[in-house]
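Reader: Could you walk me through a few local features of this chain and then its nonpolar cores?

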Amino acid sequence: MRIYDNTIVTMSYELREKNQQGPMMEVMDTAYPFIFFYPSDNLLQSFQDQIRGLPAGESFEFTIPSEEAYGLHQASNVVDIPLERFVVDDEMADTIRDVGQYVAVTGEDGQQRNGLVVEKKTTHLKVDLNHAMAGKDLHFAGRILFVRKAKADEIIQKRYIMPDGIRF
């Protein structure tokens with residue numbers, strides 16, 4: 001069977017930054033494969049375009065440029081947030097983190113986003129709100145292990161449902 005709409009795909013892959021010699025970013029091997037409903041709103045469209053029509057047993061290898069993945073790194077998404085925004089009940093919230101850690105930030109639009117603390121000052125945090133993979137070309141290499149037609153409840157919910165009923 002091939003990957004088309006309303007199928008469940010099981011695959012293994014390695015994700016590297018930039019090319020096949022780049023730093024390893026993620027591994028989904030045959031012991032812990034990636035299983036998902038196709039098509040998915042939670043996966044990059046450019047990734048789904050690359051695997052569409054592939055049959056079970058087929059190997060794949062491709063690179064998605066950053067512009068088609070998580071976009072370019074935008075300097076405007078690196079912001080200074082006053083420490084007062086992290087005060088809860090007259091005390092500093094537990095969300096204050098050190099450089100290299102993530103904080104949850106609620107924007108003026110009410111949306112919550114995670115940001116990487118890139119600098120910590122006495123008056124503010126400098127937080128990078130870009131996606132962690134922004135500005136990175138993504139190189140995938142793997143194999144389609146299994147493809148099956150999605151069951152009715154999977155099609156309705158547009159997600160893979162494990163045999164024991166756990167939903168992903």
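Predicted model: local features only at pLDDT ≥ 70, side-chain atom pairs only at ≥ 80, totals over all residues.

Reader: Where is Lys 158 placed?

Author: Lys 158 has a positive phi of about 55° although it is not a glycine. Helices (H or I, at least four residues) and strands (E, at least two) are DSSP runs, numbered from the N terminus. On that count, Lys 158 sits in the segment after helix 2 (152-157).

Reader: And what is the phi of Asn 6?

Author: Asn 6 lies in the segment before strand 1 (7-17). Asn 6 counts as partly exposed because its relative accessibility is 29%. Asn 6 is not a glycine, yet its phi is positive, about 65°.

Reader: Which peptide bond is cis?

Author: Look at the loop between strand 3 (34-38) and helix 1 (45-51), where Pro 39 is found. The bond there has omega near 0°, and it runs from Tyr 38 to Pro 39.

Reader: Is His 124 buried or exposed?

Author: His 124 is in strand 10 (residues 124-128). Contact means heavy atoms within 4.5 Å, and beyond four places in sequence His 124 is in contact with Asp 80, Ile 81, Pro 82, Leu 83 and Glu 119. Because its relative accessible area is 18%, His 124 is buried.

Reader: Which residues have the most contacts inside the largest nonpolar core?

Author: A nonpolar core is a set of buried Ala, Val, Leu, Ile, Met, Phe, Trp, Tyr and Cys residues joined through side-chain atoms within 4.5 Å. The largest has 21 residues, and those with the most contacts inside it are Met 11, Phe 47, Ile 51 and Phe 140.

Reader: Which elements each supply at least two residues of this core?

Author: Phe 140, one of those with the most contacts in the core, touches Phe 47, Phe 60 and Ile 64, among others. Each supplying at least two core residues are strand 1, strand 3, helix 1, strand 4 (59-64) and strand 11 (138-149).

Methods:
Residues numbered from 1 in each chain as written. Heavy atoms only, no water. Buried < 20%, exposed > 50% of the residue type's maximum accessible area, 1.4 Å probe, protein only.
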